[in-house]
Amino acid sequence: MAYLINRLMSVVLTLFLISIITFAVTNILPGDVAMMIMGTQSNPEALAGLRESLGLNDPLIMQYGRWIGGILTGDWGTSLVFKEPIGPLIAQKVTASALIVVMSMTIALVCAIPLGVWAAVHRDRWQDSTASTVALIGVSLPDFFWGIMLILLFARGLGWLPSSGFVHPVDDFQLAIRHAFLPSLALGLGLMAHLTRMTRATMTGILGQEFIRVARAKGLSEGTVVWRYGLANAIGPVMTVAGLQVGYLFGSIIVVESLFNYTGMGWLTYQALLNRDIPLIQGSVFVIAAVVMLANLAVDLLYTLIDPRIRLA
Amino acid sequence: MKRRTFLGSTTALFGTTIFSGALPLVATAQTAPVTGGTLIWGHSETTQNLDMHQTGTASTGRVLQNVHNSIVTVDKDLKVIPMLAESFEQSEDGLTYTFKLRAGVKFHDGSDMTAEDVKYSFERCADPATGAVNFEVFNAVDTIETPDDMTVVVNLKSVNAPFLSRLAENGAGVVMPSGSGDTQGETPIGCGPFKFVSREFGNKVELARFDEYWDGPAYLDGVTAREIPEPTVRLTGLRTGELHMINDIPADRAQEIEDDATLQVVKWFPLNWDFVNLNHTFEPFQNPDVRRAFDMIIDKEMLLEGALWGQGATTASPSYPTSASYDTALTQRAQDIAAAKQMLADAGYPEGSLNIVFKATTNYPYHIESAQILVEWFREAGVNLTIEQLTWADWLSQCWVDKDYQMTMMNFFTLWEPDFLYYSLWNSTGAFNYRGINDPEIDRLTEEARITVDPAARADIYKAVQQQVFDQAHDIILWFRNGSIGAQPGVGGLDTVVHPNGSNFNFHKVWLQA
């Protein structure tokens with residue numbers, strides 16, 4: 001418990017530091033949001049008026065204070081460019097991204113673990129090289145390639161699934177899954193390849209160890225040896241990698257999001273940055289950072305469940 | 001197509017829509033309109049702030065065209081015609097405009113439109129605190145009076161010939177319910193044929209038919225504008241039938257869609273126009289001969305073919321093609337690299353002595369492609385051109401605001417009102433003069449046009465401005481670009497969608513076949 005409190009406090013502190021750094025860096029960038037709003041319709045007079053009305057002329061410390069004060073009272077502010085309240089906006093995009101991150105991770109794990117184990121058990125035989133080839137192809141080809149192939153096959157060719165768009169699960173759960181399926185698959189294929197290799201490598205190491213030989217010598221069935229003894233020991237590192245990926249994916253799935261016009265957190269953050277929309281940048285980065293850190297924390301806590309030898313003090 | 005033949009053949013097409021491909025279109029066009037259905041439109045851009053006064057983006061204006069009406073509007077020949085004002089008249093001295101409002105116009109909240117709403121809307125736009133993009137339209141306004149509920153009188157301090165025309169677009173001429181300003185950004189409310197229902201930011205905007213629309217209810221139950229900036233995704237959506245209609249077919253795919261007999265294509269001309277900019281504060285470009293030489297290095301016809309797959313037409317005049325000020329007599333300089341080389345040498349820049357950075361924005365991918373083609377021609381002419389690619393934010397900040405560039409390229413949506421176009425861009429004090437142009441002759445002419453009320457005389461003045469821009473090669477005007485819509489065969493009334501300004505869409509008369 002003390003460990004948990006400690007970790008959570010460091011999360012809060014880190015978030016605070018990140019918010020200051022983001023704020024400072026965004027303000028150093030050339031151009032401002034007033035310029036982005038008016039674009040090539042702007043003139044110096046109108047720009048000055050807009051800057052004043054957006055509060056961009058206030059000292060930076062005041063602007064930051066206003067923002068952090070809002071966050072602490074639960075008011076995330078309003079996007080300057082899009083005039084949307086930021087809290088609900090982020091909540092919606094987090095849902096969108098979370099849906100494909102969770103789905104792609106599920107697809108990846110469900111396929112990668114059996115495939116990796118299979119390859120490790122049949123090390124250096126055809127099964128192994130098949131699995132390795134599959135994994136190598138998955139790792140080598142970027143997710144947008146898979147995306148295009150999947151659209152061509154499932155949307156254009158077979159017409160089974162929609163090619164683009166996001167539907168909120170609360171509005172229509174089944175439709176939401178249908179819309180999220182292709183982006184999740186595109187993302188999941190690359191992840192799967194990565195995790196297959198990870199599982200195979202770890203399993204290969206484990207299967208060569210003393211206690212496995214002892215288990216076999218005891219006359220345990222091969223299934224029990226591989227799954228109960230082998231995988232139980234190999235799963236830790238695999239879960240660590242998977243957990244880190246969850247956080248990483250959250251802000252970096254912009255390519256897949258663009259390809260499927262599935263606007264989530266990656267897209268939102270990119271838009272915010274492009275438009276120098278400071279409150280929106282702050283809010284998005286804040287949430288992504290929080291997700292990354294909480295995912296790491298979750299992995300650490302998961303360890304204690306997977307491997308009873310680990311105790312967190 | 002050669003320029004000459006183009007100019008000949010397009011006079012008939014200017015400002016109108018060009019249909020192509022698709023036999024089913026004929027069948028569709030002949031069937032009677034039916035009521036019902038929601039049109040799903042794959043919109044090429046993301047909408048921003050939904051406040052009609054504050055938004056400067058064409059994307060948002062395009063959607064809001066269905067939600068709002070302006071006090072007056074224009075027909076396809078850009079003549080100002082009544083809209084929310086049933087009639088309008090200008091006093092002899094040009095200082096007073098009297099608008100008689102249409103009776104029975106309702107806002108989406110059920111209230112009636114009155115003179116008070118017009119006064120509110122104009123004053124809101126004029127107030128610098130609003131941050132309205134078009135606030136300068138009202139700079140000459142002295143007072144706005146409302147003698148009765150149906151009459152609005154606008155008194156000007158000085159004659160401002162473009163005033164009425166500028167009110168023909170929603171940016172300045174929109175009428176919103178009195179007091180609604182603060183909520184317009186999130187939930188726009190007007191008196192157009194469709195009500196704003198909701199926006200899922202970056203995903204879609206939903207509109208629903210407004211049954212009490214003064215000009216009769218629309219056929220469609222609603223419009224869902226799905227925001228799909230990626231052109232390939234839009235095309236796929238059209239092909240799979242997920243979308244009824246898309247706008248902005250990418251130039252390299254236009255032919256393929258036109259050849260597809262199962263789809264309709266509507267093209268119109270022009271969508272926008274492009275030009276190459278030379279920074280007049282950069283020493284070599286202070287010499288008009290250097291600018292003329294640069295103009296002569298560029299083969300505009302081939303550049304159009306190379307960067308835009310021929311989806312447009314070259315022009316030396318940036319005036320709207322159907323407008324009175326469009327100068328058909330003006331022709332572009334032909335490419336002559338040898339002569340240009342000689343001119344540069346005579347101006348003191350022999351081969352290899354000019355190193356120019358060309359800043360192009362990735363916001364318009366065809367600008368990057370244009371730049372890449374230009375590099376080769378300039379190399380032949382002994383000028384070393386380096387491309388610097390900028391994001392939209394960087395382009396705006398470096399080129400537009402700070403004027404920190406040597407050479408660049410930009411496009412504008414058709415600024416069909418000539419004062420807006422010529423004064424803003426080429427007057428030394430113009431709001432869009434990011435090239436640092438300072439030409440007393442142009443300053444004199446553009447000021448004179450502002451107080452010239454006679455349309456023919458005004459048009460002649462603007463022709464003189466164009467001649468001066470061309471003679472001095474202040475900018476290198478390239479082309480008008482085509483606009484395009486692709487649609488399923490069941491979408492009817494597509495010929496009514498595009499606003500005369502070439503950028504806005506209106507779905508009032510569009511229907512879906514059952």
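Two residues are in contact if their C-beta atoms, placed from the backbone, lie within 7 Å. Among contacts in chain B between residues at least 6 apart in sequence, 70% join residues at least 24 apart. The model is predicted: local features need pLDDT of at least 70, side-chain atom pairs count only at pLDDT 80 or more, and totals for chains, interfaces and linings use all residues. Residues are numbered from 1 along each chain as its sequence is written, while chains are lettered from A and ligands numbered from 1 in the order in which they are written.

**Chain B as a whole**

- Chain B contains 17 helices and 20 strands; these are DSSP runs, numbered from the N terminus, with helices (H or I) of at least four residues and strands (E) of at least two.
- The C-alpha trace of chain B spans about 70 × 55 × 40 Å along its principal axes.
- Of the 514 residues of chain B, 52% are buried (20 or more other C-beta atoms lie within 10 Å of the residue's own, C-beta atoms being placed from the backbone).

**The contact between the chains**

- In total, 39 residues of chain A are in contact with 39 residues of chain B.
- Several helices of chain A each supply at least two residues of the side that touches chain B, among them helix 5 (86-121) and helix 7 (143-157).

**Two helices of chain B**

- B:D419, B:Y422, B:Y423 and B:W426 in helix 15 meet B:I442, B:T446, B:A449 and B:R450 in helix 16.

Terms used:
A residue is buried if 20 or more other C-beta atoms lie within 10 Å of its own, exposed if 12 or fewer, and partly exposed in between; C-beta atoms are placed from the backbone.
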